[in-house]
Amino acid sequence: MRAAWYERRGPARDVLVVGEMPLPLPGDGEVRIRLAFSGISPGDVKKRSGWQDSPMPYPRVVPHSDGAGVIDAVGTGVPRARIGQAVWCYGAQSYRAFGTAAEAVVVPAELAVRLPGGADPHPDLLEQAACLGIAGITGYRAVFAGGTVAGLDVLVWGAASGVGAVALQMAHRGGARVFAVVRRAEQLAAVRAMGAEEAWLADDPALADQIRQAAPAGVHRIAEVDFAAHIDVDAAVVATGGVICAYYSSSDRPDLPYWKLAFADVSLRLLGSDDFPPAVKADAASELTAALLEGRLRLGIAARLPLEDIALAHEQVARGAGGRVLLDLAADASARV
């Protein structure tokens, strides 16, 4: 099969290689997915670049944890009825060497989430599903880690991003009143269309006041894209007993307005998507799939690139592509027939 890999950390064009690898065989409890799309997340780019001086975990890494396609082989202990199922997968390269930047991937059967459509699913469904893994599960957890949000006020920072867009739409689906913060003026209309009650710019000097005007008692849940940068605003607008869930921080040791948070009885949750408990991931995957099939979850696609352009794809993700970037593996395979 064709695949992309790296054997050392570094810039995308220096370390990513595209070539032939043996087609993997599923082991006990595993399935093999013939992939149509591989979804790329910022975390995939950070792993390849050596973010935080992380060492190479394996001699060779096929990157990307997210993807979608059709199961074409199963290992022992997996019903053969799963062959031919359209699925999306998550965690393919989470503590594993070989992810979805390839024409096929082997994952534990429970990480392959069934989609309708059998062996010939609609490409639009597959490309949307290929975006659900890292961003989807993180966005869902950032909203629901503290429990149901029905009737509550939820604030989503970075609401136009991959994680933020999921958090916004899933909070809205869950019955919350959702407020959004974005970086650019052209994103305001987009997040309102996704269900935001109000939307503001992150650099607005009156941001905290505007949030408090919209939610006088404070917001009950905050999905936070940069804990260090926004904690003072969060402390000013969070409701008593509220929960702040952060999945990134621009500072490893951020300063905290401790007493302001303490007097509000605030809970802080710091999220690392690779390390969510399996049951949490499975629950999120189920809800994300349901929302996708209901038409209540939709992610913008910025680019669909062939496997040979994986370095360009990583560069686009690193720059902030304004939507999800996918490798179109089905088109790549068709071009060689």
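This report walks through the overall build of the chain, its salt bridges and a few individual residues.

## About the model

The model is predicted, so to speak of local features takes a pLDDT of at least 70, and side-chain atom pairs count only at pLDDT 80 or more, while totals for chains, interfaces and linings use all residues. Residues are numbered from 1 along each chain as its sequence is written, and side-chain values use heavy atoms, with hydrogens and water left out.

## Overall build

The chain has 12 helices and 15 strands; these are DSSP runs numbered from the N terminus, with helices (H or I) of at least four residues and strands (E) of at least two. Its radius of gyration is 20 Å, close to the 20 Å that the globule rule gives for 337 residues, so the chain is as compact as a globular protein of that length. That radius is taken over C-alpha atoms, and the rule is 2.2 Å times the number of residues to the power 0.38. Along the principal axes, the C-alpha trace spans about 60 × 40 × 35 Å.

Of the 337 residues, 54% count as buried. Here buried means under 20% relative accessible area, exposed over 50%, and partly exposed in between (1.4 Å probe, protein chains only).

## Salt bridges across the sequence

You will find 13 salt bridges in the structure, each a side-chain nitrogen of Lys or Arg within 4 Å of a carboxyl oxygen of Asp or Glu. One of them joins Arg13 and Glu315 at 2.7 Å, N to O. Arg13 is exposed at 54% relative accessibility, whereas Glu315 is partly exposed at 22%.

Glu294 and Arg173 form another, with their closest N and O atoms 2.9 Å apart. Glu294 lies in helix 10 and Arg173 in helix 5, so the pair ties together parts 121 residues apart in sequence. Arg32, Arg34 and Asp72 are linked in a network of salt bridges.

Helix 11 covers residues 310-319, and its buried residues include Ile310, Ala313 and Val317. Ala318, also in this helix, is exposed at 56% relative accessibility. After the helix comes Gly320, with a positive phi near 90 degrees.

Asp226 sits in the loop between strand 11 and helix 8. Asp226 is buried yet has no salt bridge, and the nearest side chain of opposite charge, Arg183, is 9.4 Å away. Leaving aside neighbours within four places in sequence, Asp226 is in contact with Tyr248, Ser249 and Ser250, contact meaning heavy atoms within 4.5 Å.

Conventions
Lys and Arg count as positive and Asp and Glu as negative; His and the chain ends are not counted.
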